[in-house]
Amino acid sequence: MLRRSQQRLALGVVTLFVVSLIIFTSVQFLPGDFAQSVLGQGATPETTAALRAELGLDQGPVTRYVNWIGGVLQGDLGTSFSGRSGVGGDRSRPVVDLIGPRLANTLFLAGVTAMIAVPLALALGIAAALKRGSVFDRSVNAVTLITISFPEFFLAYILILLLGVIWPIFPSLSDVSPDTPFWDRLYRTALPALTLTLVIIAHMMRMTRAAIINLMASPYIEMARLAGESPLRVVLNYALPNAWAPIAAVIAFNLAYLIVGVVVVEVVFVYPGVGQLMVDAVSARDIPVVQACALIFAATYVLFNLVADVVGIVTNPRLLHPK
């Protein structure tokens, strides 16, 4: 088990390295030039070249990548281009200072959503598996298929219309700050959390249902039934522990989505998270911030997939006890 976990970890590191190359290469294709956009159309070629040299944009791509990835390994994500007004400008900030508060906001939104979505998805999946073919099962499947078919921004606007305009229960804009009290922050993030819950709950619920139904025909499940165990105890004590591998994989994937896929939701609700920061950085051609946000998203996916692999190994008796 330890050897397999180490192999997954090594593969994750290699994957993250390859992704960093893709991120760096992709960012180079962003349209426009930051130095030219800051100095304006009236800037002389000499002034533009001086600002590009100050920002390190005049160096070769290999040198810039090595400098960037070397700084990342030391915990330095670079310095934001924003705030510069010309050559010698010193109002820029470290990328870490910009991302830190935004990442905390995104993690808060993801945590609230996960606390609602994961238990609810498991409960609905187990109930649907126990009542397979019933009206409840068909109704839950129909509702989840509908929610999974709609894009995030459509669900967000529908919720804003219903719960923010027609019935003004929650605010339409999730403007939070570091000084916002906890309960007020929770209230302001209710609509984005509800949107994300509706998006991800369908995947987890359907995988839980399918995994349990697939195991219900196993011989040891039949023996438990013949022994007089109740259907709920059969599912919880016998089927669910053996279904954790696929369920953990889909839960990890959706938890990663809560960090990575919140870009659209944060933009719709003007929520000050990493996704909104990345969109603003792309608009401003702030290359260090764009690279840092993309790398955080990639690292999140790699981390959660690694956790899912480890959980799958730990919950597999054939791997734990190969003899």
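Start at Pro-171. Beyond its neighbours within four places in sequence, Pro-171 is in contact (heavy atoms within 4.5 Å) with Tyr-187, Arg-188 and Leu-191. The model is predicted: local features need pLDDT of at least 70, side-chain atom pairs count only at pLDDT 80 or more, and totals for chains, interfaces and linings use all residues. Residues are numbered from 1 along each chain as its sequence is written, and side-chain values use heavy atoms, with hydrogens and water left out.

Pro-171 sits in the loop between H7 and helix H8 (182-188). Helices here are DSSP runs of H or I with at least four residues, strands are E runs of at least two, and both are numbered from the N terminus. Is Pro-171 buried or exposed? Its relative accessible area is 19%, so Pro-171 is buried. The cut-offs are under 20% for buried, over 50% for exposed and partly exposed in between, with a 1.4 Å probe and protein chains only.

Now the whole chain. The protein has 16 helices and 0 strands. Of its 323 residues, 42% are buried. Among contacts with a separation of 6 or more, 71% join residues 24 or more positions apart.

Next, the interior. A nonpolar core is a set of buried Ala, Val, Leu, Ile, Met, Phe, Trp, Tyr and Cys residues joined through side-chain atoms within 4.5 Å. The largest one holds 50 residues, and Met-204 and Ile-212 touch the most other members. Helices that each supply at least two residues of this core include H5 (95-130), H7 (152-166) and H9 (190-215). Leaving aside neighbours within four places in sequence, Met-204 contacts Ala-117, Val-118, Ala-121, Val-250, Ile-251 and Asn-254. A second, separate core has 29 residues, among them Val-27, Trp-68, Phe-81 and Val-95.

Finally, a helix pair. H12 (residues 244-260) packs on H15 (residues 287-314) at about 165°, with axes 8 Å apart. Axes are lines fitted to C-alpha atoms, for helices over the stretch in contact, and angles run from 0 to 180 degrees between N-to-C directions. H12 is therefore roughly antiparallel to H15, a label for angles over 145 degrees. Residues meeting at this contact include Ala-252 and Phe-253 in H12, and Phe-304 and Ala-308 in H15. By class, the contact of H12 with H15 has 15 nonpolar, 2 polar and no charged residues. Ala, Val, Leu, Ile, Met, Phe, Trp, Tyr, Cys and Pro count as nonpolar, Asp, Glu, Lys and Arg as charged, and the others, Gly among them, as polar.

How values were computed:
Angles under 35 degrees count as roughly parallel, over 145 as roughly antiparallel, 65 to 115 as roughly perpendicular and the rest as oblique.
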